[in-house]
Amino acid sequence: MQNFEQFLIEHLPTSKSIHPDYESALQNMLIAGGKRFRPALLLGVVKAYNPLMLDSARHAAFAIELLHTYSLIHDDLPAMDDSPLRRGKPTLHVTFDEVTAILAGDALNTYSFEVLANAPFSDATRVKLIRELASNGGLNGMVLGQAIDCYFENKPLNVEDIKILHTNKTAKLIAASMKMGAIIVGREDVADELYDFGIKLGLLFQIQDDILDVTLSSEEAGKLTNNDEDKNSFVTILGLDESLKQANELADELTEAMLSFDENLRSELSSLLTKYINRHK
């Protein structure tokens, strides 16, 4: 992922204007770091099937990271989570102001599709990638999940509805990352299988995030923790012990699913996912 990090730094969004903070706001949360989990999944799938396409694939991985970063900027806004900390840094509305944070998020959202539209793939591949990112990151994906999350704050949901919430808010973009990797290397025969795997992985990722929210300090997590009491998190609804049990069950399912993958893919994914899948075992 060192190569991706270098790629990201070399391709930061730029905008020269009379605005004193706009360009800095566009770059701020990208430079702040993060797990780069979604780009790593896409690049892992590409590396497993066609390592020669990694250079081109970094454009698509960057597009996903742009969209993900926009979602974090908006998630932290006063109107939503009102969080002061993200990736160990002050959030954009704290560093600048709320208007700048909203507009920077808007810009990164649309810029992600500009990056994909200009990526070095065939026109047909670009259209498929844009469709995948838009459908999973947009009105019936991540945005829907965020809408449900915000609307039902202080209104406890049942477990199945919480899974629907987080399938949309978190899991679909993770699943799309894996499917987009398969599209890039022309392995659409495994694209749906990888997408389904990604949905389960995304739910595990969310349960683990909810567990960490109550077990880590804000400094350790790099973001505000113990802030989900009014939210429909797995821990809030199920309790910590049951959440740990569900995380371990999902981890076992994912480990089993990886056995059906071909050797190259299994090798790439297991090296990437072992620490996540076994985090709470």
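Author: A salt bridge is a side-chain nitrogen of Lys or Arg within 4 Å of a carboxyl oxygen of Asp or Glu. The structure is a predicted model, in which local features need pLDDT of at least 70 and side-chain atom pairs count only at pLDDT 80 or more, while totals for chains, interfaces and linings use all residues. Residues are numbered from 1 along each chain as its sequence is written, and side-chain values use heavy atoms, with hydrogens and water left out.

Reader: How far apart are the closest N and O atoms in the salt bridge of Arg-187 with Asp-189?

Author: Arg-187 is partly exposed, at 27% relative accessibility, whereas Asp-189 is exposed, at 55%. These words rest on relative accessible area: buried is under 20%, exposed over 50%, and partly exposed in between (1.4 Å probe, protein chains only). The closest N and O atoms of Arg-187 and Asp-189 are separated by 2.9 Å.

Reader: How many residues apart in the chain are Asp-75 and Lys-169?

Author: Asp-75 and Lys-169 form a salt bridge, with 3.9 Å between the closest N and O atoms. The pair links distant parts of the chain, Asp-75 being in helix H4 and Lys-169 in helix H9; helices (H or I, at least four residues) and strands (E, at least two) are DSSP runs numbered from the N terminus. Both Asp-75 and Lys-169 are buried.

Reader: In which helices do Glu-253 and Lys-200 lie?

Author: The side chains of Glu-253 and Lys-200 meet in a salt bridge of 3.0 Å, N to O. The pair is 53 residues apart and links distant parts of the chain, with Glu-253 in helix H13 (residues 240–258) and Lys-200 in helix H10.

Reader: What distance does helix H7 reach from its first C-alpha to its last?

Author: Helix H7 covers residues 123–137 and has 15 residues. The expected span of a helix is 1.5 Å times one less than its number of residues. The reach of H7 is close to that expectation, at 21 Å.

Reader: Within what arc do the buried residues of H7 fall?

Author: The buried residues of H7 are Thr-125, Arg-126, Leu-129, Glu-132, Leu-133, Asn-136 and Gly-137. They line one face of the helix, because, seen down its axis, the directions to them lie within a limited arc, taken from the helix axis to the C-beta atoms. The opposite face, turned away from the buried side, carries the exposed residues Asp-123 and Arg-131.

Reader: Which helices are included in what covers the buried residues of H7?

Author: Contact means heavy atoms within 4.5 Å. The cover over the buried residues of H7 includes helices H4 (54–75), H6 (98–117), H8 (142–151), H9 (159–184) and H10 (191–215).

Reader: With which residues is Gln-146 in contact, leaving aside its neighbours within four places in sequence?

Author: Gln-146 lies in helix H8. With a relative accessible area of 12%, Gln-146 is buried. Beyond its neighbours within four places in sequence, Gln-146 is in contact with Asp-75, Met-80 and Lys-169.

Reader: With which residues is Val-143 in contact on that basis, leaving aside its neighbours within four places in sequence?

Author: Val-143 is also found in helix H8. It is partly exposed, with a relative accessible area of 37%. Apart from neighbours within four places in sequence, Val-143 is in contact with Tyr-70, Gly-137 and Gly-138.

Reader: What is the phi of Arg-87?

Author: Most residues other than glycine have a negative phi, and most peptide bonds are trans. Arg-87 lies in the loop between strand E1 (85–86) and strand E2 (89–90), and is buried at 16% relative accessible area. Although Arg-87 is not a glycine, its phi is positive, at about 55°.

Reader: What is the phi of Asn-154?

Author: Asn-154 is in the loop between H8 and H9. Its relative accessible area is 54%, so Asn-154 is exposed. Asn-154 is not a glycine, yet it has a positive phi of about 70°.
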